[in-house]
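This report concerns the structure displayed below.

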Amino acid sequence: MKGVLKMAFKVTRDTIIGEIMDHDETTAKFFTEMGMHCLYCPSSRGETLEQACEVHGVDVESMIEKLNAHIGG
């Protein structure tokens, strides 16, 4: 839409998975790649990025970089 500003969105370790997915559903591939296949269930959507990374053995800082590059790019 012309004239509509979109607020900047920056992922941090405390960002909730549901917020990331609501902002950009194309980020789902990053979560499924790390083994998080239950992306749309309520408990997964309520986790922070840090919690999800910890459970799935993924470096949270690396995931933050990937997500922010994808969302910002």
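The coordinates discussed here belong to a predicted model.

Helix 5 comprises residues 60-72, and Asn68 is found in it. The buried residues of this helix are Val60, Met63, Ile64, Leu67, Asn68 and Ile71. Because they cover an arc of only 125° around the axis, they fall on the same side of helix 5. The cover over the buried residues of helix 5 includes helix 1, helix 2 and helix 4. On the face turned away from the buried side, helix 5 carries the exposed residues Glu65 and Ala69.

## The nonpolar core

The largest nonpolar core of the model has 18 residues, and those with the most contacts inside it are Ile17, Phe31, Leu49, Met63 and Leu67. Two or more residues of this core are given by each of helix 1 (17-23), helix 2 (28-33), helix 4 (49-56) and helix 5. Helix 5 supplies the largest share of this core, namely five residues.

Phe31 illustrates how this core is joined. Apart from residues up to four places away in sequence, Phe31 touches Ile17, Ile20, Met21, Met36, Leu39, Leu49, Met63 and Leu67. Among these partners, Ile17, Leu49, Met63 and Leu67 are also listed with Phe31 as having the most contacts inside the core.

| Residue | Relative accessibility | Class |
|---|---|---|
| Asn68 | 17% | buried |
| Arg45 | 22% | partly exposed |
| Ala69 | 53% | exposed |

Asn68 counts as buried because its relative accessible area, 17%, is under 20%. The side chain of Asn68 reaches the backbone nitrogen of Val11 at a distance of 2.7 Å.

Ala69 is likewise placed in helix 5. Ala69 is classed as exposed, since its 53% relative accessibility is over 50%. The C-alpha atoms of Ala69 and Lys10 are 9.7 Å apart in space, while the two residues are 59 residues apart in sequence.

Arg45 belongs to helix 3, which covers residues 42-45. Leaving aside neighbours within four places in sequence, Arg45 is in contact with Ile16, Ile17, Gly18, Met21, Asp22, Leu39 and Tyr40.

## The chain as a whole

The secondary structure of the protein chain amounts to five helices and zero strands. Read from the N terminus, its elements follow the order α-α-α-α-α. The chain has 73 residues, of which 34% count as buried.

Among contacts in the protein chain with a separation of 6 or more, 55% are between residues 24 or more positions apart. The accessible surface of the protein chain is about 4,800 Å², and carbon and sulfur atoms account for 55% of that surface.

Definitions and conventions. Residues numbered from 1 in each chain as written. Predicted model: local features only at pLDDT ≥ 70, side-chain atom pairs only at ≥ 80, totals over all residues. Heavy atoms only, no water. Helix = DSSP H or I, 4+ residues; strand = E, 2+ residues; numbered from the N terminus. Buried < 20%, exposed > 50% of the residue type's maximum accessible area, 1.4 Å probe, protein only. Polar contact = N/O pair within 3.5 Å; in protein donor to acceptor, adjacent residues only side chain to side chain. Contact = heavy atoms within 4.5 Å. Areas by Shrake-Rupley, 256 points an atom, 1.4 Å probe, with all protein chains shown as cover. Core = buried A, V, L, I, M, F, W, Y, C linked by side-chain atoms within 4.5 Å. Arc of directions from axis to C-beta.
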